[in-house]
Amino acid sequence: MIRVLLVDDQVLMREGLRKLLEIEPGIEVAGSAQNGADALALLSRTPPADHPHVALVDARMPVMDGVELVARLRTEYPGIAPVILTTFDDDDYIFGGLRAGAKGHLLKDTPPDELVSAIRRVARGETVLGGAATERLVAAVREGAVPRTESAPDEPPCGLTGREYEIALLVGSGATNREIARRLHITEGTVKNHISSCLRKLGLRDRTQLAVWVARHR
């Protein structure tokens, strides 16, 4: 039995997916969440034996978006295979999701039978890409333009996570939130959340103080 977690901020989308998957033999819906933070809270309350095998994750959600959730799942719940299921086919979500650890990228207009097939394939350990994602990836490889990011140190200082320290370094270099979002292939909202977390952990007031901190602790 393949257990699937549904993560989408649209109730109709979650319920539609639930009804679609509940009639499929060998697949059951293990739960649903309205954003990444809600999904992590749900998983924290779920016994490991009942954890889902696959998570269908919307890319754009409030509180915590899909790319950030995929990265957290890879670190905290490596046994769950996340698939980005979205209406957006831009590079930020395709490359950002795959880099974060997604096992696939599909658009929400994917035919039901193809979606079910993709879930079964991902549960077997395969990677699935819809037509739009495949085209973008092939084009980027041909042009040598697959986005890359600098890796953060293994043990960031002062309790920061790797991504928080990576963003702090970019703030220290003078990058704007938009520039950071483009470089790391995440949303500006996610950048702001990370910066706020950095300021809270370091006891700083604003990004100027964060830039000074980076200069002292690089």
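User: What span should the 15 residues of H9 have at 1.5 Å a residue, and what are its end C-alpha atoms apart?

Analyst: This is a predicted model. The expected span of a helix is 1.5 Å times one less than its number of residues. For the 15 residues of H9 that gives 21 Å, and the end C-alpha atoms are 21 Å apart, so the two agree. After H9 comes Gly-203, with a positive phi near 70°.

User: Which residues of H9 are buried, and what covers them?

Analyst: An α-helix has 3.6 residues a turn, so residues three or four places apart point the same way. In H9, the buried residues are Thr-190, Val-191, His-194, Ile-195, Ser-197, Cys-198, Leu-199 and Leu-202. Their cover includes H3, H7, H8 and H10.

User: How many residues does the largest nonpolar core have?

Analyst: In soluble globular proteins, nonpolar side chains tend to be buried together. Here the largest nonpolar core has 26 residues, and Val-191, Ile-195 and Ile-167 are among those with the most contacts inside it. Helices H3, H4, H7, H8, H9 and H10 each supply at least two residues of this core. Apart from it lies another core, of 20 residues, including Val-54 and Val-116.

User: In what order do the strands of the open sheet come, and which stand at the edges?

Analyst: The order is E2-E1-E3-E4-E5-E6, with parallel pairing. E2 and E6 stand at the edges with a single partner strand each, so one side of each has no neighbour in the sheet. Helix H1 packs on the sheet, and its direction makes about 165° with that of E2. Helix H5 lies across E1, E2, E3, E4, E5 and E6, at about 135° to E3.

Notes:
Residues are numbered from 1 along each chain as its sequence is written. This is a predicted model: local features need pLDDT of at least 70, side-chain atom pairs count only at pLDDT 80 or more; totals for chains, interfaces and linings use all residues. Side-chain values use heavy atoms; hydrogens and water are left out. A nonpolar core is a set of buried Ala, Val, Leu, Ile, Met, Phe, Trp, Tyr and Cys residues joined through side-chain atoms within 4.5 Å. Buried means under 20% relative accessible area, exposed over 50%, partly exposed in between (1.4 Å probe, protein chains only). Helices (H or I, at least four residues) and strands (E, at least two) are DSSP runs, numbered from the N terminus. Contact means heavy atoms within 4.5 Å. Two strands pair if DSSP finds at least two bridges between them. Axes are lines fitted to C-alpha atoms, for helices over the stretch in contact, and angles run from 0 to 180 degrees between N-to-C directions.
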